[in-house]
Amino acid sequence: MTDAAASRKPARIDRVLGALARLFALAGGATLLAIVALTCASVIGRALLGHPVPGDFELVERATAIAVFLCFPWCQWQGGHVAVDIL
């Protein structure tokens, strides 16, 4: 392998990892939007129909954890301090 090929390889890996981190962060954002929609549906259902979405607390709980962990790679990629942000 030549020196030029060896120097291109890390740049390509950086682009792929950056794209994956961004994709995970976008998925985390979409998960948060789904949580908002679920919460609104549950509140509206409770107010108008008297029946909330069954298991909405548990779904929001788990989806929030998933959204947070999906955003961690982007935080790390941008130089954030993930260990400190958890606390």
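Predicted model: local features only at pLDDT ≥ 70, side-chain atom pairs only at ≥ 80, totals over all residues.
Buried means under 20% relative accessible area, exposed means over 50%, and partly exposed is in between (1.4 Å probe, protein chains only). I started with that cut-off and looked up the whole chain: of its 87 residues, 15% count as buried.

Residues are numbered from 1 along each chain as its sequence is written, and side-chain values use heavy atoms, with hydrogens and water left out.

**Entry: overall fold**

I looked up the secondary structure and got three helices and zero strands. Helices (H or I, at least four residues) and strands (E, at least two) are DSSP runs, numbered from the N terminus. Read from the N terminus on, the order is α-α-α.

Then I checked contacts, meaning heavy atoms within 4.5 Å. Among those between residues at least 6 apart in sequence, 56% join residues at least 24 apart.

**Entry: surface**

Accessible areas here come from the Shrake-Rupley method with a 1.4 Å probe; for residues, only the protein chains shown count as cover. The chain's accessible surface is about 6600 Å², and carbon and sulfur atoms own 72% of that.

Patches are made of residues with over 30% relative accessible area and no salt bridge; like charges are joined within 9 Å, nonpolar side chains (Val, Leu, Ile, Met, Phe, Trp, Tyr) within 5 Å. I found a nonpolar one of about 640 Å², made by Ile13, Val16, Leu17, Leu20, Leu23, Phe24 and Trp77. Which helix gives the largest share of the nonpolar patch? Helix 1 (residues 3-49) does, with six residues. I picked out Phe24, which lies in helix 1 and is partly exposed at 39% relative accessibility.

**Entry: the loop**

Pro54 turned up in the loop between helix 1 and helix 2 (56-77). Pro54 is exposed, with a relative accessible area of 73%. Its C-alpha atom is 8.3 Å from that of Ser42, twelve residues away along the chain.

**Entry: charges**

My rule for a salt bridge is a side-chain nitrogen of Lys or Arg within 4 Å of a carboxyl oxygen of Asp or Glu. How many does the count come to? One salt bridge. Arg46 pairs with Asp56, and their closest N and O atoms are 3.8 Å apart. The pair links distant parts of the chain, with Arg46 in helix 1 and Asp56 in helix 2, ten residues apart. Arg46 is partly exposed at 42%, while Asp56 is buried at 11%.

**Entry: rings**

Rings of Phe, Tyr and Trp (its six-membered ring) pair if their centres lie within 6.5 Å; planes under 30 degrees apart count as stacked, over 60 as edge-to-face, and the rest as tilted. I searched the whole structure and got one aromatic pair. The ring centres of Phe69 and Phe72 are 5.1 Å apart and the planes sit at 90°, so I logged the pair as edge-to-face. Both residues are in helix 2, three apart, about one turn of the helix. Phe69 is exposed at 55%, but Phe72 is buried at 18%.

**Entry: cysteines**

A disulfide is a pair of cysteine sulfur atoms within 2.5 Å, and I found zero of them. Cys71 is partly exposed at 28%, and Cys75 is partly exposed at 21%.
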